[in-house]
Amino acid sequence: MGQRTPLYDQHLALGAKMVDFGGWDMPLHYGSQVEEHHQVRRDCGVFDVSHMTVVDITGAQAKAWLQHLLANDVERLKTQGKALYSGMLNERGGVIDDLIVYLTDWGYRMVVNAATRDKDIAWMQAQTAGFEVTLNERAELAMLAIQGPNARAKTAELVSHARAALIHELKVFQGLPEGDWFIARTGYTGEDGLEIMLPAEQAASFLNELVGAGIAPIGLGARDTLRLEAGMNLYGQDMDEDTSPLAANMGWTIAWEPAERQFVGRSALETQRAAGDQPKLVGLVLEERGVLRAHQVVRVEGLGEGEITSGSFSPTLNKSIALARVPAATGDRAEVEIRGKWYPVRVVQANFVRNGKAVI
Amino acid sequence: MSNIPADLRYVASHEWIRLEADGSVTVGITDHAQEALGDVVYVELPEVGKQLANGQEAGVVESVKAASDIYAPIGGTVVAVNEALADAPEQVNGEPYEAWFFKLQPSDPAELEGLLDAAGYQAVCSADA
């Protein structure tokens, strides 16, 4: 038996098919993964993401510590609640995890992946040496992601005036506390929406209210196809400790300036950048029938081979799409081997669907 | 609880088989199989005229989640395939016993004796669960 979120019984009652995800028993779907996907793109749905790890960071040197720990620079966070996406790298420039950090009135709040929780906490603790900083894991919090074009409007109708007002005021990629909740306008679907952290004992009744208001529960299956369409990386699949952010479409998350900021992994990245030797992560579109899958081989004429890191069927585009790591000079065509046959694919930016619309 | 019609035959790899009046057999995947796969988005069928041995890979069914092989439940020659599944693979989820994959002309009708009946297949599914 895996770990369970505070909403485990609700998932069963809602008819979820449960699967193991990084040691957690999580809902894969509640009937049809494809229907759930469309529900989020066309209206909105709710995901239990309570398995994710929330860490609050306090102390006089919290900022300096994060500037040491992360490839992105928390100096970029100028207003309360503003969020930053970053890689946390090892000395070799490999990605230990990808995460979101919010600027808060107590310091910072960080949300890291569930499957990487143990190694993340151990790494962060080890990196606190010499810094006046305290890490406080908030395992008592549950987290619900409500995503889709109608997510904010429908959620606002179910909560207090103060929370509704906050939901209306939040800017994209901003999160703020309201009472014992923390409400953020963030997500992992390519749609507008919210991620709400709240005390675990309030989670079941809030989920029931959301579902009662027609905000359907959505499983990890649709979460994966939604994030793939949005071109968002999945840790452990699209990048890991042996992958440079430069090879994972995360170059934009590296804050090179100021040059004197010595974050972990910087010198390795500088060597890679100077050598120009990193492959790139791109999107692939299969125009024929079939399904692209992780680990299928990609062949680029004259340049060599690459590999699909994530592949599936795109319910929005009604064709198969993938993320693939390919030689840096790859143009707009490649081929993929599926069961011994080579299929032509179109190479595109790793971003297929935004706000319900195809962008390829 | 999945639906297992009593008038069909089955194999443990989750194909159903209907014995036709003309001596051919029609093959599809069971309700239990489609349920385990989830939303089917692509079906790869064998070529008409292909000779298949008992248990040989005959095609592929892909759901959003994963690809899964379809096997020939008996040896035989492919005499027809259900082209409609190419455009509407979701029929496999909606009507698993209507959405047939291919028809075989058995090479050895004695192999039909080895197929499971509904009760035998029910036992396989119970052991899976």
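1. Which residue is the bridge partner of Leu52(B) in β8(B)? The partner is Gly76(B). Strand β5 (residues 51–52) of chain B runs antiparallel to strand β8 (residues 76–81) of chain B, and two bridges join them. Strands here are DSSP runs of E with at least two residues, helices are runs of H or I with at least four, and both are numbered from the N terminus; two strands pair if DSSP finds at least two bridges between them.

2. A word on the model before going further. It is predicted: local features need pLDDT of at least 70, side-chain atom pairs count only at pLDDT 80 or more, and totals for chains, interfaces and linings use all residues. Residues are numbered from 1 along each chain as its sequence is written, chains are lettered from A and ligands numbered from 1 in the order in which they are written, and side-chain values use heavy atoms, leaving out hydrogens and water.

3. Back in chain B, β8(B) is also joined by five bridges to strand β9 (residues 102–106) of chain B, again antiparallel. Gly76(B) turns up here too, standing opposite Pro106(B) in β9(B).

4. Now for chain A, where five strands form an open antiparallel sheet in the order β5-β6-β7-β4-β8. At its edges stand β5 (83–89) and β8 (134–137) of chain A; each has a single partner strand, so one side of each is left without a neighbour in the sheet. On average, neighbouring strands are turned by 30° against each other, direction ignored (axes are lines fitted to C-alpha atoms, for helices over the stretch in contact, and angles run from 0 to 180 degrees between N-to-C directions).

5. Helix α3 (residues 62–69) of chain A packs on this sheet and touches β4, β5, β6 (95–103), β7 and β8 of chain A; contact means heavy atoms within 4.5 Å. The helix direction makes about 30° with that of β7(A).

6. Finally, have a look at where the chains meet. The contact takes 14 residues from chain A and 14 residues from chain B. About 1,300 Å² is buried between them, with carbon and sulfur atoms giving 47% (buried area is the accessible area, 1.4 Å probe, that two parts lose on being put together, summed over both).

7. Across this interface the rule finds four salt bridges, each a side-chain nitrogen of Lys or Arg within 4 Å of a carboxyl oxygen of Asp or Glu. In one of them, the side chains of Glu62(B) and Arg293(A) meet at 2.8 Å, N to O.
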